[in-house]
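Here are a few notes to read with the model open beside you. Take the points one by one and find each residue as you go.

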Amino acid sequence: MEFFLDILPHILNGLTIGLLFALIALGFTLIVGVMELINLAHGSLFALGAYLALATMSYLGASGFTSPTIFQYSAALVVAPIGVAGVGMGLELGMRRTYGKDPLYGLLFTFGAALVIEEGIRQFWGSNDLYFPTPSFISGPIILGDLFYPKYRIFASIFAIIMIILLWFFIERTKVGAIIKAGAHDSEMVRALGINLTVLRAGVFALGTALAGIAGIILGPIWGVRPHMGVDAVIPAFLIVVVGGVGSFRGSVIAGIAVGLTSGITAYFAEDWSILSIYILLAVVLIVRQRGLFGKASSLDT
Amino acid sequence: MTQILSKFRTDFIKMGLVFIFLATVPLWIGRIGLYDYIALEILIWCIYAMGYNLALGYTGLPSFGHGAFFGIGAYAMAIYQFHFGGTSLWIGLSLSILAGIVFGAVTGGLVSHRRGIYFALLTIAFGQMFWFLAIKLRDVTKGEDGLLNLERLPVDFGFFSIDISSSNSLYYFSLVIFVIVVVLLWLLIHSNFGYVIRALKQNETRAQFLGYNVRFFKLISFTLSCAISALAGGLFALAQRSAFPDVMALHWSGIIVMMVIIGGGMVSFWGPVLGVMFYFITRDIVGGITEAWLMWFGAAFMAVIVFQPEGIAGMWGNLSKRFQRVNTKTKLEEPQEAQHEPV
Amino acid sequence: MSLFEANHIHKRFGQQVVLENVNLSFEENKLSGIVGPNGAGKTTLFNILTGKYKPDRGQVVFDGMNITGLPIHKIAQLGIARSFQIMNLFDEYTVLENVMVALPGLRMQQYHMTHNVSTDSALEQEAFSILERIGLAEDAYAESKSLSYGKRRALEIGVALASHPRMLFLDEPTQGLGSEQRRHLMELIHIVKEDTTIVVIEHDMQFLMDIADVISVVLWGQVIATDSPKKLKMNWKVL
């Protein structure tokens, strides 16, 4: 029982992180699926989300609004992802020339973008850790018997679940979602059906990066906000997509939670090594991966 | 021997010019407002980059984790001095090379059956793992504090030894290493082995069907590349008089990739050197104007990828081709596409 | 004497059975053809015969040796070469260099790290003689990607030839060729036929009729007939 109480917070942490990883992975897998591109800038955009949120909040706080944190936070949750999506669309625009070529070019481009965005953040906001204020009603701990657990993490989990459900509805139940799903499955076919592939790509990139940005806002208070926070978000996203299957909604969610839980539980046993476990898992999966693991054969497969 | 010299005259002239140019650098670097140490840094990174390009430019292996091997080489030299009180420069550098071979071969053995993006991502995973271990194994590496106060061990020939503790003398020692590495690389690339490597970069399937054990070739090439990078790392430890984990992180592994591509390593032997120069010019000259120099470097890289993936060397090549077009004698037939050929 | 045999080959991809109980044998120094409509499984069969895929069931035997499941390069080293339907050349290399890579002379010293290829006149001469055979000697120093389609096709076969194989597998060699080029190809194959065992996949029946000693007809993953061209012409099933 003692053991269970000790490990429970780690499991809950793992779950929270896992749900947010799932959200990041969903954005990531949409991009991989529709554009056959590994977006290494996903992490920096994740970070950018957190920073833009902070900027929004401090702007609202400073411009004489005397608004409660909850108002600022909510506004940030709306404004910042839009900003991130804008940057994302800018990236997509710049990348267009690489579309016909070896997908390695796209990877390199987004890698460069990751550096540029991270350095841009550093220039604008400095290298120090920043504090992310959260609305009071979700701050502080909740007390369940012997267990103290941060309210914010519960909020984060609930928020992630809601976002995932909303996203699911969007993809599965709307016409636009159906087009995206088709595009993830077979982009040639989609074009043949007369759908504007350029618009689709731009839209998917905007959506995918916005999701990364939102995840950044939610995780900001938990992980701390610093320019380099993106790397630890994008690598698990890739792992999740490889394990869960490209373009697979269910796969991303399940694998996301699994990876999060692994990381959380490893943290219980060896605090520092939880990140390493993700890299090891990624290496093992990539080395051993059967051809079929991806479900659809994409140009990424060799 | 003489046949090679005559057939590749331009190559050797270029090589000679580069070596002579580099030999003069310490004489004038002070006058353009830079320090001796920077010349040393640039030279070491040139060795690193040339080694790296064997994998990327010549074999088509996009390694995003090569910083790990540079760092391992540095740690080999550092651990030799720090934990074993080593005093022989030759042994220290040999250990660096050996570490590069061992870790390169192990990593290569696990990843060389992959290509393109998967290969790249695998190398990221391994690079991060090594970096992580360098930070965590504090007993060996002292973690983020690094291994400090290393000696620039003298060049000892038994009956006499040369002190290389000054930046300039270490520079000339490194230049000798650079010359040896460059010549050996050139020979390798033009050898049978190099021929096969370059072929498999262009078409791995065909090379397999011609009877070449492609995976083995990739492994050897990758390992050699790691060994050279590790040697550069050993020199780096001497230059810095210390070894830290940070060169092993994704950030720095990425920078060597960007340097080499910007310089034109994908198409040119000297591309990596051009790329290293470009980086350091950006750092020290643009850096003097703005703190955001790395951002501009990244932006330049993005522009190169989109507009000119052949880099600086490629641009130079295109310009000179344009001048030569007037003199072209052979006129080739227009290619006719009778079927859709995959790229 | 059959040099190469495929016995009871079964292959499925997912739910789809692509090849079912395929039995073929190829006699030494003869030219065997494999013909059938697109989607009949010919290319999969080829890929299995040359080692790219492993059959689910069945064996591939070369010169009495079971080569099923061997890695591609090992099979190639035994003396089996193939050309490809979708061209697989070394695009950055010149025509000459493309051929040189295939030469056994190079392959035997493939790990040599200092021997300079460009100054090896023996290798170069050998490569030139191959180029002359396929009519590309003039274009030796041209980049392979700048050649016309017909010449690239010739080079595609030339590279396979250059490895001095005992068996040559040609995958749709007439693809996209005009009648003049087709004639050239036929002449070339006639010359090569003298000392090499050849297997050709084609869906141009007429071309095969003119060069093959024996033809197997593949339909829906099965071999429905194997006979000499003359006899096949009279076989109602084939028509």
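1. Let's begin with a term: two residues are in contact if their C-beta atoms, placed from the backbone, lie within 7 Å. By that rule no contact joins chain A and chain C, and their closest C-alpha atoms lie 10 Å apart. Two pairs of chains do touch, and the pair B and C has the most contacts.

2. A word on the source: this is a predicted model, where local features need pLDDT of at least 70, side-chain atom pairs count only at pLDDT 80 or more, and totals for chains, interfaces and linings use all residues. Residues are numbered from 1 along each chain as its sequence is written, and chains are lettered from A in the order in which they are written.

3. Now look where B and C meet: 36 residues of chain C are in contact with 32 residues of chain B. On the chain C side, helix 2 gives the most, with four residues. Helices here are DSSP runs (H or I, at least four residues), strands likewise (E, at least two), numbered from the N terminus.

4. Next, visit B:L43. Leaving aside neighbours within four places in sequence, B:L43 is in contact with B:L22, B:Y171, B:S174, B:L175 and B:F178.

5. Strand 1 (residues 141-144) and strand 2 (residues 147-150) of chain A run antiparallel over four bridges. A:L144 has A:L147 as its bridge partner. The two strands form a hairpin with two residues between them, and A:G145 in the turn has a positive phi of about 65 degrees.

Note on methods: Pairing = 2+ DSSP bridges.
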